[in-house]
Amino acid sequence: MAIRHGIDLDKARALHARETADFLARRPRSLALAERAGGHLLFGVPLHWMDDWPTPRSLFLAEARDARLTDVDGHVYADFCLGDTGAMFGHSPAPVAQAIALESARGMTAMLPGEDALWVAEELSRRFGLPVWQFALSASDANRFAIRWARAVTGRDRILVFNGCYHGTVDDVFVDLADGEARPRASLLGQVYDLTEHTRVAEFNDLEGLEAALADGRVACVLAEPAMTNIGMVLPDPGYWEQAQAIIRRHGSLLLLDETHTISCGPGGYTAAHGLRPDMLVLGKPLAGGLPAAAYGFSADLAARAQQAKRAAPPGHSGIGTTLSANRLACAAMRANLSQVMTDDNYRIMLERAGRLAQGLRELFARFALPWCVTQLGARCEFQFAARPPRNGSEAGAGQDEELERYIHLYLLNRGLLITPFHNMLLLSPHTEDADAQRLLEVFGEWLEQARA
């Protein structure tokens, strides 16, 4: 009998075979669309990530509203993925949908500023304490542009990231630690130059490693999530950021915080909730209620240096920005979302419900005597196949098990419960009902009863 993480793999595999057959039998419309898509969409999906769900064939969506999805075969799901944070406050929030409908008839893009952009910048300044802002279409772009500004104003060519990080599709960040050495991430396709020439990598929560990586004064910025979220959630040690910020500033580097996922912590993200003081800050996915939009902010000093660097450069394209950045439609959606959806009251609801779900998961694992842990980060929580919460990317990676994740996720999905496909993260929106969370715990318990060793 093969046992892993307290699970009998023979039982789990036999159960998964039945679940696979059940998925295929009950979704003829999705199967038909998947067959059509195979001829015209790479991997049969419009974005190859959409092929990473635990389903044997692609699940095609008909509608998403609040915290519910309906597939083309009529099956309804309680959605704990929420577009992997893109729909963190629910699908199609009414104020955002209304703003999009109104603005779409008034001009969607013009490459000229409007009042909505100014309102959003003022509101972001109030929430995050950074006075000056720019806009982009995605957090990937915002991170990419912020790195350029950091290099331009410091005259330094290196950046530093943390092992196992995720900052979108920025080439510079696809560097991991392997046997103590920085190496380009093996999964990155089409890479033709050595990323380690300009990117350094350290372990999260390792102050000595951070100090050593910055010591020669060549690092323009440290790009980091305040808490890691994509390798598996990793929280900072008590006092870590206070000391890390001091180290970064002592060596003349800038701190660039990516709050794209950690905005789940509150209206001002982890930064405001814990009093961090970044030089730059990036926001992405949920900012416009699911419409592509992102923003990145500057401290007053850095903004002055950035403007000086641009004015001192020869005329021409800076390599920063795209034609559709800060388009009118996105700015209207951001204003509606910030003013009416990303509110203190909605955050209170989300955090309370996430706390109850996290505690329910802990009690569930204790009941089955499983050596699994649960981490909560604001409105998101995650279970990991490890006895204690990881402290860095290496520990988080060691606690992942893609095989078990697929088995658990498909079992839940077949019973109308959708969680994030890339890891074991659950996100709770203002529309997520306690009854759905309780149902998830009950169904998860059913799987554990059948698959445990």
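Let me begin with a rule: rings of Phe, Tyr and Trp, with the six-membered ring taken for Trp, pair if their centres lie within 6.5 Å, and a pair counts as stacked with planes under 30 degrees apart, as edge-to-face over 60, and as tilted for the rest. What you have above is a predicted model, in which local features need pLDDT of at least 70 and side-chain atom pairs count only at pLDDT 80 or more, while totals for chains, interfaces and linings use all residues. Residues are numbered from 1 along each chain as its sequence is written, and side-chain values use heavy atoms, with hydrogens and water left out.

With that ring rule, a search of the whole structure gives 18 aromatic pairs. One of them is the edge-to-face pair of phenylalanine 365 and phenylalanine 444, with 5.8 Å between the centres and 85° between the planes. Because phenylalanine 365 belongs to helix 11 (residues 344–367) and phenylalanine 444 to helix 14 (residues 434–451), this pair ties together parts that are 79 residues apart in sequence; helices here are DSSP runs of H or I with at least four residues, strands are runs of E with at least two, and both are numbered from the N terminus. Both phenylalanine 365 and phenylalanine 444 are buried, where buried means under 20% relative accessible area, exposed means over 50%, and partly exposed is in between, using a 1.4 Å probe and protein chains only.

A second pair, tryptophan 372 with phenylalanine 383, is stacked, at 6.2 Å centre to centre and 10° between the planes. Tryptophan 372 sits in the loop between helix 11 and strand 15 (373–377), and phenylalanine 383 in strand 16 (residues 380–384), 11 residues apart. Tryptophan 372 counts as buried at 6% relative accessibility, and phenylalanine 383 is buried too, with a relative accessible area of 2%. Taken together, ring pairs link Phe365, Trp372, Phe383, Phe385 and Phe444 into a cluster.

Let me turn now to the sheet. In what order do the 7 strands of the open sheet run? The order is 6-14-13-12-11-7-10, with mixed pairing, and two strands are taken to pair if DSSP finds at least two bridges between them. Strand 6 (132–136) and strand 10 (199–202) are the edge strands, each pairing on one side only, and the twist averages 20° from one strand to the next. Strand 7 (residues 158–162) runs parallel to strand 10 and is joined to it by 4 bridges, with valine 161 standing opposite valine 201 in strand 10.

Helix 6 (residues 207–214) packs on this sheet, touching strand 7, strand 10 and strand 11 (219–224), and its direction makes about 150° with that of strand 11. Contact here means heavy atoms within 4.5 Å, and the angles, which run from 0 to 180 degrees between N-to-C directions, come from axes fitted as lines to C-alpha atoms, for helices over the stretch in contact. Helix 7 (residues 240–250) lies across strand 7, strand 11 and strand 12 (254–258), at about 140° to strand 12.

Arginine 250 and glutamate 211 meet in a salt bridge at 2.6 Å, N to O, the rule being a side-chain nitrogen of Lys or Arg within 4 Å of a carboxyl oxygen of Asp or Glu. Arginine 250 is in helix 7 and glutamate 211 in helix 6, 39 residues apart, and glutamate 211 counts as partly exposed at 26% relative accessibility.

How many salt bridges does the rule give? The count comes to 30. Among them, arginine 415 pairs with glutamate 19, their closest N and O atoms being 2.8 Å apart. Since arginine 415 lies in the loop between helix 13 (402–413) and strand 17 (417–418), and glutamate 19 in helix 1 (residues 9–25), the pair ties together parts that are 396 residues apart in sequence. Arginine 415 is partly exposed, at 27% relative accessibility, whereas glutamate 19, at 7%, counts as buried.

Arginine 415 also lies over the face of tyrosine 411, at 3.6 Å from the ring centre; the rule for this asks that NZ of Lys or CZ of Arg be within 6 Å of the ring centre and within 35 degrees of the ring normal.
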